[in-house]
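Subject: Structure handover

Dear colleague,

Please find the structure below, handed over for your use. My notes on what was found follow it.

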Amino acid sequence: MFSIQQTRVIPGLLIFIVGVLAGCSEQTGISYPESSISGSTMGTTYHIKMVDTLISESQIRATQLRVDSLLLAINQSMSTYIPTSEISRFNQSTEINSPMKISPQFAVVLKSSLDIGHLSGGAFDITVMPLVNFYGFGFKKAAAHLPTTHELDSLKRFVGMQHLMFTDSTISKDTPELSLDLSAIAKGFGVDAVSDFLAASGFENTMVEIGGEVVCCGYNKNGKSWQIGIDRPYFGEKPGEVLQHVVALSNYAIATSGDYRNYRDVDGTRISHTIDPRTGKPISHQLASVSILAKNCMLADGTATAVMVMGDVEGLKWLEATPEIEGLLIVRLSDGSFREFLTSGFNQFLVH
Ligand code: ADP
Ligand code: MG
């Protein structure tokens, strides 16, 4: 096993999982056997719940081994903290226009990343790595200062999806400095991969969570939709301490991006780990968190970061125009209170 620092993609937000809301079980009296698996991956934790007829200890152990190796393979492909990973090899390469073969799973994430990138008008951009490194959220030592205009201009020259050439099985770059960062979407992909693996293994009622990104399939132990809590975005609060809402999900994913758990103070300025690739600067608007509901977690994860970059006004408008994705945006007001905005379809998922 290697250390967390090496395996880290980036810790995300933890959404508190509300296993049972008292009312359901008391009213119906139904309670199916539930098994849990948890562990570490991508610099954060994962939790799995499976509701079924009784699952034996040995079957749980065997399932956990398979899940861990599946997650290790994803990290070995997409973690910028592992120098030998696929993504690191590409990032380190200085060869231009020289196609590098990529694995099928890397291609899937890359394709979705580029789709979200283009649909969001470049708010989401996996070529943001040089900026992420500069601001101290990447694999390199951070600069001790905010970038000068000159530094910002030089960094931005290497950022942009047009510098990346992608076929179904290869990638290449047109400038040696181009480097990729899948941290904003890899957790979501990992959740989907684990969820799909469990379904293929015959488990129909599952909840899979990695660092706050979640997919729920089937039903919970009370025979109801799974209930997932969304944190109120207080600085310094632990996941699950204060909930803004609870949503009921079945065969749906939720992912959250926020400004309140991963930030640094540089030159007296609080800087977010979410960077606006269009300006090259960390976001600095009043949007505190974005929770996205979508059919798969990879899409939800990437979209949450895209909307976080856009801010509340542009983000809400864009979400309303994007089919099959719903969002909850929480804005922090100057007096420290919060105001929320929901897309029109989000309401139906809320547990009132
Ligand atoms: P959050 O849960 O807040 O979205 P994630 O871990 O999912 O956090 O994504 C944040 C990470 O994504 C950053 O640490 C950085 O590595 C990367 N990132 C930052 N800005 C962007 C962007 N505009 N597009 C794509 N990736 C980004
Ligand atoms: Mg994300």
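**The magnesium site**

The magnesium ion (ligand 2) is coordinated by A184 (O) and D301 (OD), at 2.1 to 2.7 Å. Donors here are N, O and S atoms within 2.8 Å of the metal (3.2 Å for Na, K and Ca); water is not among the atoms, so sites may look incomplete. A184 lies in helix α8 (residues 183-200) and D301 in helix α9 (residues 297-310), so the pair ties together parts that are 117 residues apart in sequence. Helices (H or I, at least four residues) and strands (E, at least two) are DSSP runs, numbered from the N terminus. A184 is partly exposed, with a relative accessible area of 23%, while D301 counts as buried at 2%. Buried means under 20% relative accessible area, exposed over 50%, and partly exposed in between (1.4 Å probe, protein chains only).

**Basis of the notes**

This is a predicted model, in which local features need pLDDT of at least 70 and side-chain atom pairs count only at pLDDT 80 or more, whereas totals for chains, interfaces and linings use all residues. Residues are numbered from 1 along each chain as its sequence is written, chains are lettered from A and ligands numbered from 1 in the order in which they are written, and side-chain values use heavy atoms, with hydrogens and water left out.

**The protein as a whole**

The protein has 10 helices and 18 strands. Its radius of gyration is 20 Å, close to the 20 Å that the globule rule gives for 352 residues, so the protein is as compact as a globular protein of that length. That radius is taken over C-alpha atoms, and the globule rule is 2.2 Å times the number of residues to the power 0.38. Along the principal axes, the C-alpha atoms fill a box of roughly 65 × 50 × 35 Å.

Of the 352 residues, 55% count as buried. Among contacts (heavy atoms within 4.5 Å) with a separation of 6 or more, 67% are between residues 24 or more positions apart. The protein exposes about 15200 Å², and carbon and sulfur atoms supply 54% of that area. Accessible areas come from the Shrake-Rupley method with a 1.4 Å probe; for residues, only the protein chains shown count as cover.

There are 26 positive and 35 negative charges, and their mean positions are 3 Å apart. Lys and Arg count as positive and Asp and Glu as negative, with His and the chain ends not counted. The place of a charge is taken as NZ of Lys, CZ of Arg, CG of Asp or CD of Glu.

**Two asparagines with positive phi**

Phi of N97 is near 50 degrees, a positive value in a residue other than glycine. N97 sits in the loop between α4 (86-92) and β4 (100-101) and is exposed, with a relative accessible area of 52%. N251 also has a positive phi, of about 55 degrees, although it is not a glycine. The loop that holds N251 runs between β10 (243-249) and β11 (252-258), and N251 counts as partly exposed at 43% relative accessibility.

**Other residues**

D259 is found in the loop between β11 and β12 (263-266) and counts as buried, at 13% relative accessibility. Not counting residues up to four places away in sequence, D259 touches F235, L287, A288, M308 and R332. D259 and M308 are 49 residues apart in sequence and 8.5 Å apart in space, C-alpha to C-alpha.

D231 lies in strand β9 (residues 226-231) and is buried, at 4% relative accessibility.

S334 lies in the loop between β17 (326-332) and β18 (338-342). S334 is exposed, with a relative accessible area of 84%. The C-alpha atoms of S334 and Q286, 48 residues apart along the chain, are separated by 8.5 Å.

R339 is found in strand β18. Leaving aside neighbours within four places in sequence, R339 is in contact with L329, I330, V331 and L333. R339 and C297 are 42 residues apart in sequence and 25 Å apart in space, C-alpha to C-alpha.

Regards
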